[in-house]
Amino acid sequence: MSLLTKVKKQFKRSIIQSVSIETLLKDDLSKYNVVLPETIATEEAPKMVFASEATSLQGVSHSTPLAYTIVLEDVFYCPLYSVILTKDKKIICESFNITKPVEDFKLDCLFTSKVEDISGYSVIWHQTTNNYYHTLIDNLPRFYLTSLHDIIQDNHNHVKLIHSRKIFDMESFYLSQFLLPNIQICQVPDSTYINQPLLFRLEKLILSKFLNHNFSGFIPNSYRNQIFTRFLPQRPRIKNKRIFISRRQAYNQRHIINEAEVIQTLAIYGFEVYTLEKMSINEQIELFYDADAVIATHGAGLTNILFCEHVKVLELFPYPFIIPYFYYLAKSMGHRYQYLCGNGEYDATQGWNSNFVVDILQLQNILESFMAPKIGEHTL
């Protein structure tokens, strides 16, 4: 790293400040719809090798954060990063749920003099990352908690749902279940589409904390049930599907180089290959609703284990460590979770999206023990 780069980073760190919601609250009476923490046992977690960014989560148990909704007045919305700023331009930490170094923010986007006003009540839909996982695990539960606020429940109050990026069909599918008639979807431009960075001053923002931690897919059980049971098929589960999710259509990211050999091995255990990019949301839900076991490379498609019941989940990683989003999601839902890490011989220049080779012998050893049913467990 050059001296100039170091100086620039230090300068940004001195300028860009953040603040927690807790410091903005005058008293507990400002908190609405309080969601108390829930805890699950994770005895094996301390023995697992987590990505360095996620090691703070490791412990023999894991809890969701205290979550609640507040109303903030006269704050700023930065559409480029989907973050909320206080009146003195400090970033409100709880407005996003990913790891983003301070030096990655552009100063002119946070401190621009070009500001437009949005009157009345607003809520925020997006955050910086909005793939399938973050939509279902971060954005939707937070929006659902926000939508329970008395202000939104009162149809006489008009509320703007603010977003700066296109709302994809997948997002609309899930979001539509929770949109009330008085909520108006309002897209605002970010600096990608205009010549000058732009901020929006929000008169009144209804903001909820995220119901989970970054790197954890564990949503409080009561809220998970309230949200996702709405999308389940209204029929008994068959539980006759053993699913292998292929990423062959995933833009050359985290492809299994020897996938043909992996598929041949999995076929012995009754697994069939599915490419989720070719399936509708309803088709995916129907598929996972009947799952007995799921195997996949780390990726957003594993979010569909939300629709499973007590299944076996084997997650494949290109790297010699795990990123624990789906470990915590699986544990919180009572799924049996196992993982297989790469041996470190992956393309580090590709980062977390490296293509990789699965060790077939290790895979066979895991399958022999992992796919063997426990006493009383359903068998194919």
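View 1. At the start of H11, a side-chain oxygen of Asp359 comes to within 3.1 Å of the backbone nitrogen of Leu361; helices, here and below, are DSSP runs of H or I with at least four residues, strands are runs of E with at least two, and both are numbered from the N terminus. This is a predicted model, in which local features need pLDDT of at least 70 and side-chain atom pairs count only at pLDDT 80 or more, while totals for chains, interfaces and linings use all residues. Residues are numbered from 1 along each chain as its sequence is written, and side-chain values use heavy atoms, with hydrogens and water left out. Helix H11 spans residues 360-370, and its buried residues are Ile360, Leu363, Ile366, Leu367 and Phe370; buried means under 20% relative accessible area, exposed means over 50%, and partly exposed lies in between (1.4 Å probe, protein chains only). Seen down the axis of H11, these buried residues fall within an arc of 125 degrees, so they line one face of the helix, the arc being that of the directions from the helix axis to the C-beta atoms. The face of H11 turned away from the buried side carries the exposed residues Leu361 and Glu368. The buried residues of H11 pack against helix H8 (259-267) and against the strands S14 (291-297), S15 (312-317) and S16 (336-341), where contact means heavy atoms within 4.5 Å.

**View 2. The largest nonpolar core, around Phe307.** In soluble globular proteins, nonpolar side chains tend to be buried together. The largest nonpolar core here has 72 residues, of which Tyr174, Phe228, Phe288, Val294 and Phe307 touch the most other members; such a core is a set of buried Ala, Val, Leu, Ile, Met, Phe, Trp, Tyr and Cys residues joined through side-chain atoms within 4.5 Å. Helix H4 (residues 132-147) gives the largest share of this core, eight residues. Leaving aside neighbours within four places in sequence, Phe307 is in contact with residues including Tyr132, Leu136, Tyr174, Phe228, Phe288 and Tyr289. Apart from this core lies another, of 20 residues, among them Ile21, Tyr77, Ile92 and Val188.

**View 3. The buried His126 and its polar partners.** His126 is found in the loop between strand S8 (115-124) and helix H4, and at 1% relative accessibility His126 counts as buried. The side chain of His126 makes a polar contact with the side chain of Glu171 (2.8 Å) and another with the side chain of Trp125 (3.3 Å). A polar contact is a pair of N or O atoms within 3.5 Å; within protein, one must be able to donate a hydrogen and the other to accept it, and residues adjacent in sequence count only if both atoms are side-chain atoms. Not counting residues up to four places away in sequence, His126 also touches several residues, including Ser82, Asn139, Arg142, His163 and Lys166.

View 4. Arg248 is found in the loop between strand S12 (241-245) and H8, and Arg248 is partly exposed, with a relative accessible area of 44%. The side chain of Arg248 makes polar contacts with the side chain of Ser246 (3.0 Å) and with the side chain of Glu259 (3.2 Å). Leaving aside neighbours within four places in sequence, Arg248 is in contact with His255, Glu259, Ile263, Val273 and Thr275. The C-alpha atoms of Arg248 and Glu277, which are 29 residues apart along the chain, are separated by 9.6 Å.

View 5. Val60 has its place in the loop between strand S3 (39-41) and strand S4 (61-63), and at 55% relative accessibility Val60 counts as exposed. Beyond its neighbours within four places in sequence, Val60 is in contact with Ala41, Thr42, Glu43 and Pro46. Val60 and Phe215 are 155 residues apart in sequence and 16 Å apart in space, C-alpha to C-alpha. Phe215 lies in the loop between strand S11 (199-208) and helix H7 (221-228); at 5% relative accessibility Phe215 counts as buried, and Phe215 has a positive phi of about 75 degrees although it is not a glycine. His310, in the loop between S14 and S15, has a positive phi of about 50 degrees although it is not a glycine, and at 52% relative accessibility His310 counts as exposed.
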